[in-house]
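Please look over the sequence and the model first, then read the notes below by topic.

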Amino acid sequence: MRPVHQNRWAWWCSSYTTCTLSPCNVRGMVTAKTQHNLKNAQEYFEEHLCVGDYYDQGQRVAGEWIGLGAERLGLAGKVRAEDFLRLCENQHPATGEKLTPELKTTRNQNGQKVADRRIFYDFTFSPPKSVSIAGLIGEDERILEAHAHAVKSALREFEAFAATRIRKNGAQNDRLTGNFATARFTHDTSRALDPHLHTHCIVFNATFDPVENRWKALQNYELLRARKFAENVYYHELARELRSFGYQLHNRARGDFQIEGVSEELCDRFSKQHTQVDEALVKLLKEKPELAGGNFQDLREQLATTERTRKQKDLGREELQTLWNAQLTKSERESLDQLRNIPEKALTNEKRISVAEAVQWAEEHLFDRNSVVLECQLWQEALGRARGENFTISELTDFTRQRGYVRDKAHPNQVTLREVLMREWEIVQTAREGVAAMHPLVRNPHPINPKLDDEQQRAIKALLASTNTVSVFRGGAGTGKSFVLNELVGQVQQSGRQVVVLAPQRQQVVEQSPQPRAFRQKSVRHGCRDGIRCSLRQIRQAPMPSTGPTWPGQRSRWQFLE
């Protein structure tokens, strides 16, 4: 934790922050798992992908090949075990020859060698529970077809982000290839035998590099950054078809949507595996309270695997439907039947939210806190805003590509607006011109709170003695930044000066200002221009990575103290 003086502004922007577009910060309902172990991969194919979560009198789930990479390999139609397993072994499915160079296949873990080659990635698309209930318990086959169409559309967009590494002649870059080989398997239940429509998309660790004219390992960085976009493509396409069937939908704050007429109570009743994992998590935390500070999502995923019940044998579709119907009341059964029989309606050109309005909202949302964003983030946010509206993905992407964004040839997938850069550059220039231009923030400070540790005290002393118009204050999560700023506010107030706190969220202001006020976005820029003395603190590490001289300055989330 330390103040960073303004004569190092540009260096701090490019070197001291975490990229918001890191895969670590990507989240979504499209889940992703990586398979490293060859034996486990083979068992996963035989015991799960081809079977699902119950045996139906020996019937198997038929997978389907999809993707430009699959076409190049001569794979189409149903997935044959021989082809799938050859790809798991990094062999060409037709010739058996090695497909991609194997640079590293093992790694050391606790003194032992373990498998480290990425065999495939399992991206799983799942609709909201209400959709599974309406489609499976409500026996609306149209929903199952709509799910399949939506998954196919999402994969088509997702494939464009396939890439490979470039390591020749000392290079350390990635190159988009736009192709992968995917085997998709659709299942319809959870391990608890609740209705759970979902499709496993097995993306193999191989992509064809047309520049080097050979197959190489798939670089998944861009795919992970685009995962939320792919999820919103899936939701958008699914919602469009559901609305055309006559279903009424409402978006939920957590990012998905729900079919009106399917109650939360019904969704909870058919989410037994989720409940089982929750109960197991509570039990685990009671037994091992030291895990309370860990990653709950990781714990849930581990428990989801551990708590899986064994597959149910000799259970057919009719028995499964009987099992589901036994859990419904008469009125719930009638309600689902009524939903299925609502008259279909054609999608009209009367859009509640147009493409232009959705993109404008996405720009306001993203450029409020970032100078440069991925173009797929704009698509992602626009689709989230206008989910199910009557426009296609191609209409959306064509609109943004004609939008007149500022682009960098070295980073073609990133965009910005000229006014965003000019606004930021003005702030940067103001900060630079203010280096050593002021008297100390507090010339004779009062004794510093002894509860601050040595590092915090050094930071507060540097801020109080700063002679810069703008000072930057940064620190990792949990290092007591708010505690230090509270002390700074108190010191400035005790010197007889007024303090004005600006932050993106009201609560952040309330923590350090007894009288929170609302300011327009331009207030920060105008405040610096008008001579307000500012102490900048990074509320949350969120600037974009430096992309060269064509992208002046980096933008983040700030708090300003007058």
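This is a predicted model: local features need pLDDT of at least 70, side-chain atom pairs count only at pLDDT 80 or more; totals for chains, interfaces and linings use all residues.

- Strand 17 covers residues 411–416 and pairs with strand 16 in the antiparallel sense, over 3 bridges.
- Val406 has Thr416 in strand 17 as its bridge partner.

**Helix 15**

- Helix 15 spans residues 375–385 and is mostly covered, with 9 of its 11 residues buried.
- Among the buried residues of helix 15 are Trp379, Leu378, Leu383, Cys376 and Ala382.
- The buried set in helix 15 also includes Glu375, Gln377, Gln380 and Glu381.
- An α-helix has 3.6 residues a turn, so residues three or four places apart point the same way.

- Leu464 is part of helix 18, which runs over residues 454–465.
- Is Leu464 buried or exposed? Leu464 counts as buried because its relative accessibility is 3%, and the cut-off for buried is under 20%.
- Once neighbours within four places in sequence are set aside, Leu464 is in contact with Pro440, Leu441, Val442 and Pro445, and also with Leu488 and Gln491.
- Asn444 is 20 residues from Leu464 in sequence, and the C-alpha atoms of the two are 8.9 Å apart in space.

**The protein as a whole**

- The protein contains 21 helices and 21 strands.
- It has 562 residues, of which 50% count as buried.
- Of the contacts in the protein with a separation of 6 or more, 71% are between residues 24 or more positions apart.

**Confidence in the model**

- The average pLDDT of the protein is 79, and 71% of the residues score at least 70.
- Residues 1–28 have a pLDDT below 50; this stretch has 79 contacts in the model beyond near neighbours in sequence.
- Residues 306–310 also have a pLDDT below 50, and this stretch has 6 contacts in the model beyond near neighbours in sequence.

Key. Residues are numbered from 1 along each chain as its sequence is written. Side-chain values use heavy atoms; hydrogens and water are left out. pLDDT is the predictor's confidence in each residue, from 0 to 100. Contact means heavy atoms within 4.5 Å. Helices (H or I, at least four residues) and strands (E, at least two) are DSSP runs, numbered from the N terminus. Buried means under 20% relative accessible area, exposed over 50%, partly exposed in between (1.4 Å probe, protein chains only). Two strands pair if DSSP finds at least two bridges between them.
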